[in-house]
Amino acid sequence: MRTVEFQEYGGPEVLRVVEAKVPEPGPGQVSIDVAYAGVNFADLLARSGGYRVPRLPFVPGLEVSGRIRAVGPDVTGLRVGQEVAALTEGGAYAEVTVADAVTVFPLPDGVDLRTGATLPTVLPTAYALLYTVGRLQPGETVLVQSAAGGVGTVLGQLAKAAGAGAVYGVVSSAPKAEYALGHGYDEVFVGSFEDEVRAATAGRGVDLALDPVGGETLRGSLASLAPFGRLVSFGNASSAEPWTVGQPELYPTGLSVAGFSILGLARTAPNALRDIASRAFAAVADGTVTLPVTAEFDLEAAGEAHALMGSRTSTGKLLLRVADSDRSRP
């Protein structure tokens, strides 16, 4: 089978297509004939600096859609041929991958394999950020950094569906702002945002801020909170030094700070992840949320997908097309 791997860290050019042995599922696992693999910023961090890479060579990729090829011992509720989406520990850039059964999700009726590949990381992350960790209440205001990315696209729609009073986004360019305004945002700021947030909220600030960037952007998000506001950090795309926050920032107006990682939850509380994912996937099946696939690449062009995402000009979701999956579901 074909896989995409890297044998050293570096730019997109280190990604190579190689032939590999088809993996077999172990206890509690299934193997999947991959139709599509999602491209995530974590894949770029793995390739460039070893994020979550146990050893080299390494096959990146954290999410797939496809059909179950084989079921390992001790697996119930899944069957060969079933169409699924799955989170993996890596290895998704391949014609066949293996995943723990607890992070394999049957696709809801009406959700095809192409759409399914957009779901495993983005949908549960967005759902958890708003409802589980962020505890959004109707009428509250929300600020989302990277509003035109995959998670940001979903957050705008989910927040509006949840009855948010206003949803504000932050992006890096005017085209991204235009895109985000079409996906649930009431107002989108390009670049600077602290003064703009205060102006938009009559000086009050927002109730909930969601930040995947880190560094100074995270500090700005914290500074944009209203009294008793909540900040949720869910990434460090800026690669800034780890941040600290304490009494001087939190005590005066009763602020709180939390963190979230979908990959961390998959490791530590997979059953909680399954519950979140089932509710999140329902929002796609019923039409509450759509996540546009804005670029699709053949498996051999994984380096091009990485280059596009690394340019910070992409919006929505990027996919690798691994196999022909156009035939309709039974």
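**Helix packing in a predicted model**

Helices (H or I, at least four residues) and strands (E, at least two) are DSSP runs, numbered from the N terminus.

Some conventions. This is a predicted model, where local features need pLDDT of at least 70, side-chain atom pairs count only at pLDDT 80 or more, and totals for chains, interfaces and linings use all residues. Residues are numbered from 1 along each chain as its sequence is written, and side-chain values use heavy atoms, with hydrogens and water left out.

Staying with α11, residues 302-310: which of its residues are buried? They are Ala302, Gly303, Ala305, His306 and Met309, where buried means under 20% relative accessible area with a 1.4 Å probe, protein chains only. These residues lie on the same side of α11, because they cover an arc of only 160° around the axis; the arc is that of the directions from the helix axis to the C-beta atoms. Their cover includes β1 (2-5), β3 (29-39), α1 (41-49), β14 (293-298) and β15 (317-321).

Now α1. Its buried residues are Ala42, Asp43, Leu44, Ala46 and Arg47, and they pack against β3 and α11.

How do α1 and α11 pack? Their axes are 10 Å apart, at an angle of about 105°. Axes are lines fitted to C-alpha atoms, for helices over the stretch in contact, and angles run from 0 to 180 degrees between N-to-C directions. So α1 is roughly perpendicular to α11, a label for 65 to 115 degrees; under 35 is roughly parallel, over 145 roughly antiparallel, and the rest oblique. Phe41, Asp43, Leu44 and Arg47 of α1 meet His306, Met309 and Gly310 of α11, with contact meaning heavy atoms within 4.5 Å. The contact residues divide into three nonpolar, two polar and two charged. Ala, Val, Leu, Ile, Met, Phe, Trp, Tyr, Cys and Pro count as nonpolar, Asp, Glu, Lys and Arg as charged, and the others, Gly among them, as polar.

The other pair is α3 (residues 122-133) and α4 (residues 150-161), whose axes come within 9 Å and cross at roughly 50°. That makes α3 oblique to α4. Residues in this contact include Val122, Leu123 and Tyr131 of α3 and Gly150, Val151 and Ala159 of α4. The contact of α3 with α4 has 12 nonpolar residues, two polar and no charged.

Key. Buried means under 20% relative accessible area, exposed over 50%, partly exposed in between (1.4 Å probe, protein chains only).
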